[in-house]
Amino acid sequence: MTRAALGVAMSVGSMLVGPVALADLAASRALVTKGDYAAAEQSLRAIRGAERAAALVVLARVEIETGRYAHAERSAAEAARTAGVRVEAVTVQGEALAATGRYDEAERAWRSVADRPRGARARSLLARLLAERGRTAEAEPIFEAFADDY
């Protein structure tokens, strides 16, 4: 295939595939880091395939940052159906619940993943919630476990 024919084929291919296939999780995360939430959200919503669940977790965090807690809860719940990101998704879902004052539901979410690998954030948020609600006797062992890890 000549260079010109290859260029035409790539152009036609990109028209057929469209921007959805060009969405990239790393690029979307970079947009979040820059604070360009609108562009990040558009990019994250376009991601399909193997990265879809991880994109939904990042999207839920963007939705929390922009005050759309119900949307964040839904995005995280959808992501939580995928085993590879379940812990992170349920943790973010708990954050959305807590942000709307649904503390008992947030506590249940965080407890459900706190003892799992990659559950450190859920444990931390759970301990903080318990302490803030005056349940220090329950929070202290969780906080102490963090100290023991270091």
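Start by selecting Arg111 and Glu138, whose side chains meet in a salt bridge with an N to O distance of 3.0 Å. Keep in mind throughout that you are looking at a predicted model. Arg111 lies in helix 8 and Glu138 in helix 10, so this pair ties together parts that are 27 residues apart in sequence. Arg111 is partly exposed, with a relative accessible area of 38%, and Glu138 also counts as partly exposed, at 35% relative accessibility. As a general point, side chains of opposite charge can pair when their charged atoms come close.

Asp104 lies in helix 8, whereas Arg133 lies in the loop between helix 9 and helix 10, so the pair ties together parts that are 29 residues apart in sequence. Asp104 is partly exposed, with a relative accessible area of 43%, and Arg133 is partly exposed as well, with a value of 36%.

How many salt bridges does the structure hold? There are 16 salt bridges, and another one to select is the pair Arg102 and Glu73, whose side chains meet at 2.9 Å, N to O. Here Arg102 lies in the loop between helix 7 and helix 8 and Glu73 in helix 6, so the pair ties together parts that are 29 residues apart in sequence. Arg102 is partly exposed, with a relative accessible area of 31%.

Now turn to the nonpolar residues and select Leu25, Leu44 and Trp110, which touch the most other members of the largest nonpolar core, a set of 40 residues. Among the elements that give two or more residues to this core are helix 3 (25-34), helix 4 (37-46), helix 8 (103-113) and helix 10. Which helix gives the largest share of this core? Select helix 5, from which ten of the core residues come.

Finish on the surface by selecting Glu140, Glu144, Asp148 and Asp149, which gather there in a patch of negative charge. Asp148 is found in helix 10, which covers residues 136-149. Is Asp148 buried or exposed? Asp148 is exposed, because its relative accessible area is 67% and the cut-off for exposed is over 50%.

Conventions
Residues are numbered from 1 along each chain as its sequence is written. This is a predicted model: local features need pLDDT of at least 70, side-chain atom pairs count only at pLDDT 80 or more; totals for chains, interfaces and linings use all residues. Side-chain values use heavy atoms; hydrogens and water are left out. Patches are made of residues with over 30% relative accessible area and no salt bridge: like charges are joined within 9 Å, nonpolar side chains (Val, Leu, Ile, Met, Phe, Trp, Tyr) within 5 Å. Accessible areas come from the Shrake-Rupley method with a 1.4 Å probe; for residues, only the protein chains shown count as cover. A salt bridge is a side-chain nitrogen of Lys or Arg within 4 Å of a carboxyl oxygen of Asp or Glu. Lys and Arg count as positive and Asp and Glu as negative; His and the chain ends are not counted. The place of a charge is taken as NZ of Lys, CZ of Arg, CG of Asp or CD of Glu. Helices (H or I, at least four residues) and strands (E, at least two) are DSSP runs, numbered from the N terminus. Buried means under 20% relative accessible area, exposed over 50%, partly exposed in between (1.4 Å probe, protein chains only). A nonpolar core is a set of buried Ala, Val, Leu, Ile, Met, Phe, Trp, Tyr and Cys residues joined through side-chain atoms within 4.5 Å.
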